[in-house]
Amino acid sequence: MDKLQSKVALVTGSSRGIGRGIACRLAQDGALVAVHYSSNEQAGKQTVRQIEEAGGQAFLLHAELGAPEAVSELFGALETELRARIGTPRLDILVNNAAYAGFTGAMPEDVTPEMFDRHIAVNAKAPFYLTLRALDLMPSGGRIINISSGMTRTSLPSQICYAMSKGALEQITLQLALHIAPRGITINTVAPGVTNNGDPVFDDPATVAEMSAWSAFNRVGEVSDIADVVAFIASADSRWITGSYIDASGGTLL
Ligand code: NDP
């Protein structure tokens, strides 16, 4: 319950889905959580409310990642909030969770430059610069957690844009791990498989049965399946793990 007491976490894309689950779990473990959203302010407020009703602490930040100046705006607002709340702009945990999953279904030869740029901008470039900014505020014991996807370990040509962008995200983990280790900061990738994020597709029993069969446990993932893994990586217990790809897909890749 108190593993993250007096820690500060920023979870991007925590207005909904997996991000909301992660934000709630980190708050439950004692962290002050910066909840971030892009377009769905109501959902962002709902995450904050959910955390506060459970006795945790959170505040809301907005930024449309991929837009110019988004990272600066997000960190400007974050630093202002943290100065007001804890007296210093310290960030202990960054979870790069927000993502653009266009799921365009475009085969490689149909990928437009716009599709390519959008995926890379939101899923790779934004987390890279968010991570650099976060490192300016991060003390020893800090944690960077990149949420990727099992899709980087399987061939699905119709999702090439998304998979390429997540592959780039995983390189941020790998390439920064050695660079930041001397500061006592870890960086890891957590890769979910199909996870019920509240999308209406998960209300269709036939589709859910089909997706369940991909997992070794014959079910789709729940948000808590991912949030529990992230909570461990965010805690001091994970101190000996860095630069890793953590398969949180319920055995989908076996
Ligand atoms: P959702 O679609 O449920 O939520 C996406 C979140 O990201 C929302 O909070 C949304 O904000 C935010 N977001 C989207 N685009 C932007 C943007 N341009 N700038 C800022 N914020 C943005 O996602 P999931 O919960 O399904 O996925 C979470 C993570 O898990 C993603 O990285 C995804 O790639 C990964 N993942 C998910 C899987 C799944 O089956 N669900 C499988 C494998 C990986 P807003 O509410 O304001 O729109």
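**Entry 1: strand β1 and its partners**

I began with the pairing of β1 and strand β4 (residues 93-96), which run parallel and share three bridges. Strands are taken here as DSSP E runs of at least two residues and helices as H or I runs of at least four, numbered from the N terminus. Two strands pair if DSSP finds at least two bridges between them. In this pairing Ala9 lies opposite Ile93 of β4.

I note that the model is predicted: local features need pLDDT of at least 70 and side-chain atom pairs count only at pLDDT 80 or more, while totals for chains, interfaces and linings use all residues. Residue numbers start from 1 along each chain as its sequence is written.

I then looked up β2 (residues 32-37), which pairs with β1 in the parallel sense over four bridges. Val11 stands opposite Val35 of β2. Together β1, α1 and β2 form a right-handed β-α-β unit. A crossover is right-handed if, with the strands pointing away from the viewer, the path from the first strand over the helix to the second runs clockwise.

I next recorded the side-chain directions in β1 (residues 8-11): Val8 and Leu10 point one way, Ala9 and Val11 the other way, and all are buried. A residue is buried if 20 or more other C-beta atoms lie within 10 Å of its own, exposed if 12 or fewer, and partly exposed in between, with C-beta atoms placed from the backbone. In a regular strand the side chains alternate between the two faces of the sheet.

**Entry 2: strand β5**

Is β5 (residues 143-147) enclosed or open? I found five of its five residues buried, so β5 is largely enclosed by the rest of the structure. Arg143, Ile145 and Ile147 point one way from β5, whereas Ile144 and Asn146 point the other way.

I traced its pairing with β4, which is parallel and has four bridges. Leu94 stands opposite Ile144 of β5.

Asn146 has Thr189 of β6 as its bridge partner. The chain goes from β5 to β6 by way of helix α5 (residues 160-180), and this β-α-β crossover is right-handed.

**Entry 3: Asn96**

I looked up Asn96, which is found in strand β4. Asn96 counts as buried because 29 other C-beta atoms lie within 10 Å. Leaving aside neighbours within four places in sequence, Asn96 is in contact with Thr12, Pro127, Leu130, Thr131, Asn146 and Ile147. Contact requires C-beta atoms, placed from the backbone, within 7 Å. Leu169 is 73 residues from Asn96 along the chain, and their C-alpha atoms are separated by 9.3 Å.

**Entry 4: nonpolar cores**

Which members touch the most others in the largest nonpolar core? I list Ala9, Ala23, Leu26, Val33 and Val230, out of 59 residues. Helix α7 (residues 223-234) gives the most to this core, with eight residues. Apart from this core lies another, of five residues, including Met151 and Tyr162. Such a core is a set of buried Ala, Val, Leu, Ile, Met, Phe, Trp, Tyr and Cys residues joined through C-beta atoms within 7 Å.

I checked Ala23 separately: not counting residues up to four places away in sequence, Ala23 touches Val11, Ser14, Val33, Val35, Thr47, Ile51 and Ala58.

**Entry 5: the ligand shell**

I found 27 residues around the ligand, of which Gly13, Gly17, Ser38, Asn40 and Ala99 are the closest. Helix α1 (residues 17-28) supplies the largest share of the shell, three residues. By class the shell has 12 nonpolar, 13 polar and two charged residues. Ala, Val, Leu, Ile, Met, Phe, Trp, Tyr, Cys and Pro count as nonpolar, Asp, Glu, Lys and Arg as charged, and the others, Gly among them, as polar.

**Entry 6: positive phi and a loop glycine**

I noted that Ser6, in the segment before β1, has a positive phi of about 65° although it is not a glycine. Ser6 counts as exposed because it has 11 C-beta neighbours inside 10 Å. Asn218, in the loop between α6 (205-212) and β8 (221-222), has a positive phi of about 50° and is likewise not a glycine. Most residues other than glycine have a negative phi.

Gly30 is partly exposed because 15 other C-beta atoms lie within 10 Å.

How values were computed. A residue is near a molecule or strand if its C-beta atom, placed from the backbone, lies within 6 Å of it. Two residues are in contact if their C-beta atoms, placed from the backbone, lie within 7 Å.
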